[in-house]
Amino acid sequence: MAESKRVIVIGGGIIGLASAHFLAEAGQKVTVIDRGQIGAACSFANCGLISPSHVFPLPGPGAVRNGIAAMLKKNGPLRIKPGLNLRLWWWLTQFGLHCNLRDRMSGGHGRHALLSYSREFYVNFIPERKIDCDFEAKGCLMVHGSQKTLDEFDEINAVLDKEFDMGAEKLVGDELVAKEPAIKPNTAAGAWYYPQDAHLRPNMLVAGWKKLLVDAGVEFIESTSVAGFETNGKTKAGGVRVYKSPDSKVERPKKFSGETELLEADSFVVATGSWTPFLNRELGCNIPIQPGKGYSLTMQRPTICPEFPMIFENEKVAITPMASGYRIGSTMEFVGYNNTLQSQRLGLLREGASKYLQEPLGQAVELEWFGWRPMTPNGLPRIDRSPRFRNVVVAAGHNMIGVMTAPATGLLVSELVTGKETTLDPRPYAIRRASQDGLLR
């Protein structure tokens with residue numbers, strides 16, 4: 001066991017909790033601080049899919065063409081409003097450069113390692129620790145509305161099977177309705193069924209995991225934002241300067257007013273999701289994250305409730321049936337840190353579900369929600385030491401697979417902090433130097 005030292009984890013989402021878990025298991029004294037409430041951001045009401053089949057990142061051959069087509073559709077699943085946001089323009093350019101077969105396969109192997117470890121971790125950890133989070137390992141259906149996209153996926157599925165052992169079963173016609181009776185007959189061309197996938201209710205996972213961490217001695221501090229690091233020598237951080245902040249604060253202020261407090265530690269973990277770019281100068285690098293705004297609707301289970309979670313591929317709408325509720329989610333908006341809940345985007349979710357499901361909506365909507373996914377241009381997170389501080393580890397940029405990959409990320413973070421040999425190859429998640437990555441905030 002590594003020597004016990006104090007570690008501060010900045011960010012109380014699912015990545016921060018997983019990092020705290022493995023650090024505490026390694027014998028470290030852990031404090032988690034969050035600018036709002038623990039688990040109240042993107043970890044709160046996403047679709048909760050645990051899908052090792054989500055190997056390939058968004059950038060890939062044809063992604064730019066498909067993205068433009070999606071934007072041109074009335075109230076389509078993708079919306080981009082770059083305006084004068086030079087960082088978003090730069091990010092979109094980098095995304096386009098990654099839209100090739102080589103980078104897609106490279107990104108796929110990097111994601112596969114995180115996804116596979118995490119799925120196996122959840123299967124054992126959740127029942128062993130008795131976390132009540134509606135976890136079910138039933139698989140997932142990728143439903144296609146057109147024969148063209150269903151057949152185009154033959155080639156992708158062959159690669160998933162050969163390279164990653166993630167092949168699916170193709171269901172067409174009556175086979176699909178027999179598998180999932182909640183789907184209306186003659187509405188879908190078919191589907192691909194991934195038996196290795198699972199799902200859960202993410203806010204319940206966060207709440208249960210936090211309780212375990214509290215019992216293990218982890219300290220949590222909420223409504224506390226980081227103003228910057230205090231140096232301890234040229235290559236080490238000695239502490240973080242923090243200040244109390246209201247939960248509703250959207251952007252880091254350019255100047256800090258009022259009193260700040262210094263929290264000292266031996267090591268630090270930055271798990272701040274979409275907010276990480278606000279610390280780029282402090283970290284001495286560019287973490288190339290843009291907030292990708294997604295939406296969800298949570299409601300009571302309909303009478304004819306789907307048995308399996310599913311994604312309607314043409315509409316980019318996800319359905320998650322949970323023991324305690326029912327969720328429809330997805331869409332993607334690149335509109336900066338806009339905190340407006342757009343009713344037309346929620347309408348897109350309803351329309352997508354109504355196209356295929358016999359009973360698409362539950363009787364009572366319990367929550368209308370949005371969250372900012374931390375999107376990187378190559379689809380891979382950054383899990384690495386800061387170029388400026390050797391005792392600061394960054395774990396951010398998990399795109400749409402944060403819940404899916406949190407355990408593997410937490411393990412890697414703990415090993416980097418304690419200096420142990422890493423279980424997973426860390427190279428796919430390396431941080432490039434600021435001079436290579438260009439823009440800093």
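Student: In which loop does Lys130 lie?
Tutor: The model is a predicted one. In this model, Lys130 belongs to the loop that runs between H4 and strand E5 (140–144).

Student: Is Lys130 buried or exposed?
Tutor: Lys130 has a positive phi of about 55°, although this residue is not a glycine. The relative accessible area of Lys130 is 71%. A residue counts as exposed over 50%, so Lys130 is exposed.

Student: Ser330 also has a positive phi although it is not a glycine; is Ser330 buried or exposed?
Tutor: Ser330 is found in strand E17, and its phi is about 120°. Its relative accessibility is 15%. The cut-off for a buried residue is under 20%, so Ser330 counts as buried.

Student: What span does helix H7 reach from its first C-alpha to its last?
Tutor: Helix H7 covers residues 202–215, which is 14 residues. At 1.5 Å a residue, a span of 20 Å is expected. The helix comes close to that value, reaching 20 Å.

Student: Within what arc do the buried residues of H7 fall?
Tutor: The buried residues of H7 are Pro202, Leu205, Val206, Trp209 and Leu213. An α-helix has 3.6 residues a turn, so residues three or four places apart point the same way. Seen down the axis of H7, the buried residues line one face of the helix, because they fall within an arc of 95°.

Student: Which residues are exposed on the other side of H7?
Tutor: What covers the buried residues of H7 includes helix H1 (14–25), helix H10 (402–418) and strand E17 (325–334). On the other side of H7, the exposed residues are Lys211 and Asp215.

Note on methods
Residues are numbered from 1 along each chain as its sequence is written. This is a predicted model: local features need pLDDT of at least 70, side-chain atom pairs count only at pLDDT 80 or more; totals for chains, interfaces and linings use all residues. Side-chain values use heavy atoms; hydrogens and water are left out. Helices (H or I, at least four residues) and strands (E, at least two) are DSSP runs, numbered from the N terminus. The expected span of a helix is 1.5 Å times one less than its number of residues. Buried means under 20% relative accessible area, exposed over 50%, partly exposed in between (1.4 Å probe, protein chains only). The arc is that of the directions from the helix axis to the C-beta atoms. Contact means heavy atoms within 4.5 Å.
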